[in-house]
Amino acid sequence: MTSIVLKNSPAPLPAGIDLGGGVLGLLRAIRMFSSDQLAAMGRLRQTYGPTYRITISGTSVVVFTRPDDIHAVLVEQADSFHKDEDYTDPQRGLARFVGQGLLTSDGALWKKQRKLVAPALHAKRIANYGGTMTEYTAAMLDGWRDGEARDIAREMTTLTIRIVGKTLFDIDASGTRARPVFEAMDAIQEMQGNMTLIPEWIPTPTNRRRRRSLAALDALVYGMIAERKADSTDRGDLLSMLVAARDENGEPMDDRQLRDEAVTLFLAGHETTANTLNWTFALLAQHP
């Protein structure tokens, strides 16, 4: 599933739901999507078909669920679409937490960074991480016992965080040094997953905790970047590759860009994989 946001578009829109404007429209959206977003999207698809719209305050989000349509948007006509402000806005979007990494950058910056990051994600490089994945998975399974009840979502999240911590930063994510990574990722996912009327600048306990955890994450990542620059030895992790990367003019990424790409890769690398594993287990349980 993918979606595009249309503002004042002259193009005809597909059938869908209009939640109205202002605070009431926002409250209707929160009520509809906050408890079970997947179920809500499923109901809309059943009602309006595989392509439908959700309109709030005159802004329409068109949702595509057919693979061919998604491929057309993301690949065939990618230059015609740009990332939404929910990703790119440094004040209100995801960019205020993860910066201008590949997930939140757009246009010329995205193209430049994509070329710089590509060598770190080469298939041969990734294949070398198979041993780490196998080792950590075996260690997890060694702790399981027949007849136990396990929270698969938590188990898979812990497993993928450990793997990404090792392959990206060359750190043991089960140790105390990686605690800021766990706390910051939880804070970012909580922010993305929950709709709220409370602005970020209001010092609620949640907002204060989020700021503290992100400050601790920055201290950790910037410290590791400094370590890599002081010792140029390739430690086999992705951060070493990012520090060594050079653009067409022979220039490296600055510390801020390195931080943004590292945090982005950590968030995207563990969350999506953990969710895929969760759904795999769910389907296996339904179809033994």
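Which residues form a nonpolar patch on the surface? Val-23, Leu-24 and Leu-27 do, with about 290 Å² of accessible area together.

The model is predicted, with local features needing pLDDT of at least 70 and side-chain atom pairs pLDDT 80 or more, while totals for chains, interfaces and linings use all residues. Residues are numbered from 1 along each chain as its sequence is written, and side-chain values use heavy atoms, without hydrogens and water.

**View A. The nonpolar patch at Val-23, Leu-24 and Leu-27.** Areas follow the Shrake-Rupley method with a 1.4 Å probe. Val-23 belongs to helix H1 (residues 22–33), helices being DSSP runs of H or I with at least four residues. This valine is exposed, at 57% relative accessibility (exposed, over 50%; buried, under 20%; partly exposed, in between).

**View B. The aromatic pair Phe-169 and Phe-266.** One aromatic pair is found in the whole structure (ring centres within 6.5 Å; planes under 30 degrees apart stacked, over 60 edge-to-face, the rest tilted). The pair is stacked because its ring centres lie 5.8 Å apart and its planes meet at 15°. Phe-169 is in helix H9 (residues 152–169) and Phe-266 in helix H13 (residues 255–286), so the pair ties together parts 97 residues apart in sequence. Phe-169 is buried at 1% relative accessible area, and Phe-266 is buried at 2%.

**View C. Arg-162 over the face of Tyr-136.** Arg-162 lies 4.1 Å from the ring centre of Tyr-136 (criterion: NZ of Lys or CZ of Arg within 6 Å of the centre and within 35 degrees of the ring normal).

Note on methods:
Patch = residues over 30% accessible without salt bridge, like charges linked within 9 Å, V, L, I, M, F, W, Y side chains within 5 Å. Salt bridge = Lys/Arg side-chain N within 4 Å of Asp/Glu carboxyl O. Helix = DSSP H or I, 4+ residues; strand = E, 2+ residues; numbered from the N terminus. Buried < 20%, exposed > 50% of the residue type's maximum accessible area, 1.4 Å probe, protein only. Phe/Tyr/Trp six-rings, centres within 6.5 Å; stacked < 30°, edge-to-face > 60°.
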